[in-house]
Amino acid sequence: QVQLVESGGGLVQAGGSLRLSCAASGSIFSINVMGWYRQAPGKQRELVAITTTGGSTNYADSVKGRFNISRDNAKNTVFLQMNNLKPEDTAVYYCNADVRTWSGYVYRYWGQGTQVTVSS
């Protein structure tokens, strides 16, 4: 079994910054893709940013230039630095990871979500 534990959400004023963290633990052989998604009330979950073991990254157009995703492969941890936050960034942010377990199979796991609220 694999667990993803997120931290770092909260309430911030527009223009402020937050840093999210997500640590994966459990039966992990390797992790290729780790990323962040978000879901605002009444909307579908959407991709925010993803990163691979090799360091490749991909961002939603709405966060390019403001958010930065990074990871510590040795600690199976992914971070999301969010700068110049806007009210429209308000959402529950979910971490996910494509984990190859010791059984050899790859599964996608999700964290429990962390609330980010940006006030105007």
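Good morning. Strands are DSSP runs of E with at least two residues, numbered from the N terminus. Please note that this is a predicted model, in which local features need pLDDT of at least 70 and side-chain atom pairs count only at pLDDT 80 or more, while totals for chains, interfaces and linings use all residues. Residues are numbered from 1 along each chain as its sequence is written, and side-chain values use heavy atoms, with hydrogens and water left out.

Let us consider the neighbours of strand 11. Strand 2, residues 10-13, runs parallel to strand 11, and four bridges join them. Two strands pair if DSSP finds at least two bridges between them. Strand 9 pairs with strand 11 in the antiparallel sense, over three bridges; there, Ala91 stands opposite Val116.

I turn now to the disulfide, defined as a pair of cysteine sulfur atoms within 2.5 Å. One is counted by this rule, and it joins Cys22 to Cys95 with an S to S distance of 2.1 Å. Because Cys22 lies in strand 3 (residues 18-26) and Cys95 in strand 9 (residues 91-100), the pair ties together parts 73 residues apart in sequence. The torsion about the S-S bond is about -75 degrees, so the disulfide is left-handed. Cys22 counts as buried, at 0% relative accessibility, and Cys95 counts as buried at 0% too. Thank you.

Methods:
Buried means under 20% relative accessible area, exposed over 50%, partly exposed in between (1.4 Å probe, protein chains only).
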